[in-house]
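Trainee: Before we use this model, I would like to go through the labels and ask what stands behind each of them.

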Amino acid sequence: MTLAVPSPAVAALFASQRRRIAIAGCAIGIGLALVAVLSLGSGAVRIAPERVVAVLAAWLTGDREVLASREALIILSIRVPRLILGALIGAALAVSGALMQGLFRNPLADPGLVGVSSGAALAAGFTIVLGDRILGTVSAQLPFILLPIGAFVGGLASTLILYAIATRHGRTSVAVMLLAGVALGAFAGALTGVLAFVSDDRQLRDLTFWSLGSLSGASWTKVWTVVPLVLPVLLAVPLLARGLNALLLGEAEAFHLGIPVQTLKRAVILMVAVAVGASVASAGVIGFVGIVVPHLLRLVFGPDHRTLLPFAALLGAGLLTGADLAARIVVAPAELPIGILTAAIGAPFFLWLLLRRDRSLDA
Amino acid sequence: MSPLLEARDLTAAFGGRKVVDSVSLALGQGEMIVVVGPNGAGKTTLTKLLTGELAPDSGEVLIGGDRLSAIPPWQLAARRAVMAQANRLAFPFTVAEVVRIGIDGVGRALTRSGREAVIAEALEAADIGHLVARGYQMLSGGEQQRVQFARTYAQLRAGHVATDRQVLFLDEPVASLDLAHQIGLMDCAQRLAREGIGVIAVLHDLNLAATFADRILVMSAGRCHACGAPADVVTRATVRDVFGVDLCRDAAAGGLPVVLPQHRDAPPRYAPATAAAS
């Protein structure tokens, strides 16, 4: 078979797209680095950016003199784990949002919005309150181990229920999905309320923390529980990009294009449950990252998942660490729970999305 | 050589009603079969059974001699391409991206310039080269349909690297197209058939069917009512039995039948000699 001469128009179009991706990639990378340095320098003790860089350099080279300083101690044992945790959770939430939007073929799907996060938080609440009562006597460590598992199971269960309710004959209804999400969220909220009712003062404080979302409890231990869950998801996600692109054309079309559709859907649901479960277990419910980040990226790059998914991880990490920085600055020396901040910014953004919606959202 | 596509005694039922009832079919290399029939006759369901989208309740489909259900999806994608009825997208892909998604899987063996060449050829085949950078959602229904055709065409071309025994399925491909593009698309499908690709198309326009088909399969209530050369199948009797309408029939140049719908109650405005004879 002979092929036509490569069309310069097609080649030029794809080349300009690649250029745009490279430029935006650099911009997001630089932004992320800036936020990191600022974030490590801000807090109860202010540390100048050049000192932050010096401590990080010492960390890498093993300069004992610098590492013994008070600044190094603050940066390395409090702020670095917080930064890493924020970046991982931001990346996980943004990627989960992009994955769910691809799965539901709908730009309004978001783990926080459709009740997946509340499901995870409810399960986390169960392990806090009941786990403490039933298992606390057996081992003090057990509830800590069960927390991420519980959050994962809760996230998985709500994703599966939501998918089963909103999808008929391979078509997902937007209205049903959002309404089912509202109902699931309300139900999870009611059960969480019951948990709050029966819990003691310490448990109540913990529960409130989960529902507001905060990175203030960050520690290396938390980082090491989140890394093995979130990192594999982030690394595996690019493998789904081609399948998700095809899925956006329709389930039958994806099958015709050679995508094992059922396997793909299961993989997406599992990954969302793991990523959201790990995030909720370590920082509570942080909403709207999953809807804001992919949407901003689509405005720049279009909806191609091969670009969208890796960039969602980067921008999600940058946005959440940036929000965490803001949460520590606005009411310093106290700090705002980060979930409040993301909701305060994300909810108006979501309304703006609805106001400027095109016909695609009415499908 | 075994037929490109063979269906044996296909039956599919929904809710106890047989939508496709014991349909058998063999599609040879380079052949175009056009499926016609009234709404609800089972044309689309038959297409879904033949493409593997639906599993039959009984009977089987063979593609290139292999059982359809035993072929892994990625191999199937190289052996057959499917243009389904018009569909909408919820995300703002450009025309070039939609066509590219068609070959992301099957075109992996190609180089970047090879893929770009396939996309360019497909855009030209569907006459949408001028829309390449436009958003798919902003296009008219007919333009969207041509983009879907280009995507299917590109998939077929990219799959050609792996096998030259391919089948193209077109489910009402011209439903939203103007006359020129209807003929352009069918011409293109016929060119592909001349290269050895087997084509199965579902159409409503009997004249278009008669002009381009090697064989016409008339479906009625899930069954194959008639199947054969256009001149033998598109007859007054068949059309009255299957569609319940009377029409004029004439043999145009080359012996192809031409049909004209008649007003139910009015006397025929146009009544050529063969209309009375058949």
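**Labels and their grounds**

Mentor: This is a predicted model. In it, ring pairs link Trp59(A), Trp220(A) and Trp224(A) into a cluster.

Trainee: How many aromatic pairs does a search of the whole structure find?
Mentor: Seven, counted over all chains. One of them joins Phe288(A) and Phe350(A), with 6.5 Å from centre to centre and 55° between the planes.

Trainee: Why is the pair of Phe288(A) and Phe350(A) called tilted?
Mentor: Stacked needs planes under 30 degrees apart and edge-to-face needs over 60, the rest being tilted. The angle for Phe288(A) and Phe350(A) is 55°, hence tilted.

Trainee: What makes you say that this pair ties parts together?
Mentor: Phe288(A) sits in the loop between α12 (261-283) and α13 (289-301) of chain A, while Phe350(A) belongs to helix α15 (residues 338-355) of chain A, so the pair ties together parts 62 residues apart in sequence. Phe288(A) and Phe350(A) are buried.

Trainee: What are the values for the rings of Phe301(A) and Phe311(A)?
Mentor: Their centres are 4.8 Å apart and their planes stand at 50°, so this pair is tilted. Phe301(A) is in helix α13 of chain A and Phe311(A) in helix α14 (residues 305-329) of chain A, so the parts tied together are ten residues apart in sequence. Both Phe301(A) and Phe311(A) are buried.

Trainee: How do you know whether the radius of gyration of chain A agrees with a compact globule?
Mentor: A compact globule of 363 residues would have a radius near 21 Å, and chain A has 22 Å, which agrees. The C-alpha trace of chain A spans about 70 × 50 × 35 Å along its principal axes.

Trainee: What else describes chain A as a whole?
Mentor: Chain A has 15 helices and two strands. Of its 363 residues, 51% count as buried. Among contacts in chain A between residues at least 6 apart in sequence, 76% join residues at least 24 apart.

Trainee: Turning to chain B, why is Leu217(B) called buried?
Mentor: Buried means under 20% relative accessible area. Leu217(B) has 0% relative accessibility, so the label buried applies.

Trainee: Where is Leu217(B), and which residues does Leu217(B) touch?
Mentor: Leu217(B) is in strand β9 (residues 215-220) of chain B. Not counting residues up to four places away in sequence, Leu217(B) touches several residues, including Leu25(B), Val35(B), Leu46(B) and Cys224(B).

Notes:
Residues are numbered from 1 along each chain as its sequence is written. Chains are lettered from A and ligands numbered from 1 in the order in which they are written. This is a predicted model: local features need pLDDT of at least 70, side-chain atom pairs count only at pLDDT 80 or more; totals for chains, interfaces and linings use all residues. Side-chain values use heavy atoms; hydrogens and water are left out. Rings of Phe, Tyr and Trp (its six-membered ring) pair if their centres lie within 6.5 Å; planes under 30 degrees apart count as stacked, over 60 as edge-to-face and the rest as tilted. Helices (H or I, at least four residues) and strands (E, at least two) are DSSP runs, numbered from the N terminus. Buried means under 20% relative accessible area, exposed over 50%, partly exposed in between (1.4 Å probe, protein chains only). The radius of gyration is taken over C-alpha atoms; the globule rule is 2.2 Å times the number of residues to the power 0.38. Contact means heavy atoms within 4.5 Å.
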